[in-house]
Amino acid sequence: MNWLSLTDVEARVNALESLMVEKGLAEHEAVDAVVASFENDMGPVNGAKVVARAWTEPEYREWLLADATAAIADMGFTGLQTEHMVAVENTPERHNIVVCTLCSCYPWTLLGIPPAWFKYPQYRARVVKEPRSVLAEFGVALPDQVTIDVWDSSAEIRYLVIPQRPEGTEALTADELVPLISRDSMVGTALVTTGTPA
């Protein structure tokens with residue numbers, strides 16, 4: 001996805017932070033603390049723990065698919081857009097991908113700060129009309145027989161994709177599986193492989 005270069009994003013973030021500090025609205029240390037909180041206390045590792053538990057505990061997986069909000073809350077992950085969650089599961093026959101066509105509704109507590117591309121109008125419009133092409137741009141080439149479901153997040157409901165567990169990981173514990181699971185795989189724009197930990 002090359003809709004906006006990382007340099008442009010970094011420049012905007014740095015300019016905004018500098019302006020806030022200059023106006024006395026924030027301090028660099030406070031900004032760093034907020035970012036660290038999203039990276040360490042909230043974020044993709046939380047979602048990865050949910051997915052890894054679903055992969056290793058069949059009863060939890062069933063609960064997650066039946067009532068994701070309660071199953072996720074049971075692990076202590078609540079708030080910041082996790083109030084009304086639905087989990088959808090990727091299988092060899094079906095692949096799920098998440099978008100918010102209106103804005104950028106996203107489960108921050110589980111997945112951290114939304115990636116910039118998730119908010120781009122190009123992604124929001126194209127993934128609904130041509131999900132297979134968009135996935136290919138992310139490097140996900142799916143066989144033609146795989147059905148692709150696009151889920152539209154909203155203020156009322158947000159989605160977590162349970163990616164397919166890679167073959168050869170049957171002996172791994174939930175803790176050992178967590179590093180394999182990326183944010184993008186829980187949005188549906190990546191696959192989980194044993195060769196590329198998140």
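**Ground rules.** I am working from a predicted model, where local features need pLDDT of at least 70, side-chain atom pairs count only at pLDDT 80 or more, and totals for chains, interfaces and linings use all residues. Residues are numbered from 1 along each chain as its sequence is written, and side-chain values use heavy atoms, with hydrogens and water left out.

**Overview.** I looked up the secondary structure and found 11 helices and 4 strands. Helices (H or I, at least four residues) and strands (E, at least two) are DSSP runs, numbered from the N terminus. The protein has 198 residues, and 38% of them count as buried. Buried means under 20% relative accessible area, exposed over 50%, and partly exposed in between (1.4 Å probe, protein chains only). I then looked up contacts, meaning heavy atoms within 4.5 Å. Of those with a separation of 6 or more, 67% join residues 24 or more positions apart.

**Helices α3 and α4.** I took α3 (residues 44-56) against α4 (residues 58-66). They pack at about 125 degrees, with axes 5 Å apart. Axes are lines fitted to C-alpha atoms, for helices over the stretch in contact, and angles run from 0 to 180 degrees between N-to-C directions. The angle makes α3 oblique to α4. The cut-offs are under 35 degrees for roughly parallel, over 145 for roughly antiparallel, 65 to 115 for roughly perpendicular, and oblique for the rest. From α3, the contact uses Val50, Arg53, Ala54 and Thr56. From α4, it uses Pro58, Tyr60, Arg61 and Leu64. I sorted these residues into 5 nonpolar, 1 polar and 2 charged. Here Ala, Val, Leu, Ile, Met, Phe, Trp, Tyr, Cys and Pro count as nonpolar, Asp, Glu, Lys and Arg as charged, and the others, Gly among them, as polar.

**Aromatic pairs.** Rings of Phe, Tyr and Trp (its six-membered ring) pair if their centres lie within 6.5 Å; planes under 30 degrees apart are stacked, over 60 edge-to-face, and the rest tilted. I count 8 aromatic pairs by this rule. The ring centres of Phe118 and Tyr123 are 6.0 Å apart and their planes are at 40 degrees, so I log the pair as tilted. Phe118 is buried at 1% relative accessible area, and Tyr123 is buried at 0%. Trp151 and Tyr159 also make a tilted pair, 5.2 Å centre to centre with 40 degrees between the planes. Trp151 is partly exposed at 28%, whereas Tyr159 is buried at 10%. Ring pairs also join Tyr106, Trp117, Phe118, Tyr123 and Phe138 into a cluster.

**Core.** A nonpolar core is a set of buried Ala, Val, Leu, Ile, Met, Phe, Trp, Tyr and Cys residues joined through side-chain atoms within 4.5 Å. The largest one holds 45 residues, and Leu64, Ile72 and Tyr123 touch the most other members. Helix α3 gives the largest share of this core, 6 residues. Beyond four places in sequence, Leu64 contacts Val50, Ala54, Ala71, Ile72, Ala87 and Ile162.

**His95.** I found His95 in strand β2 (residues 94-99). His95 is buried at 3%. Beyond four places in sequence, its contacts include Asn90, Leu135, Thr147, Asp149 and Leu191.

**Val127.** This residue sits in helix α8 (residues 121-129) and is buried at 0%. Val127 lies 26 residues from Thr101 in sequence, and 9.2 Å away C-alpha to C-alpha. Beyond four places in sequence, Val127 contacts Ile97, Val99, Val134 and Val150.
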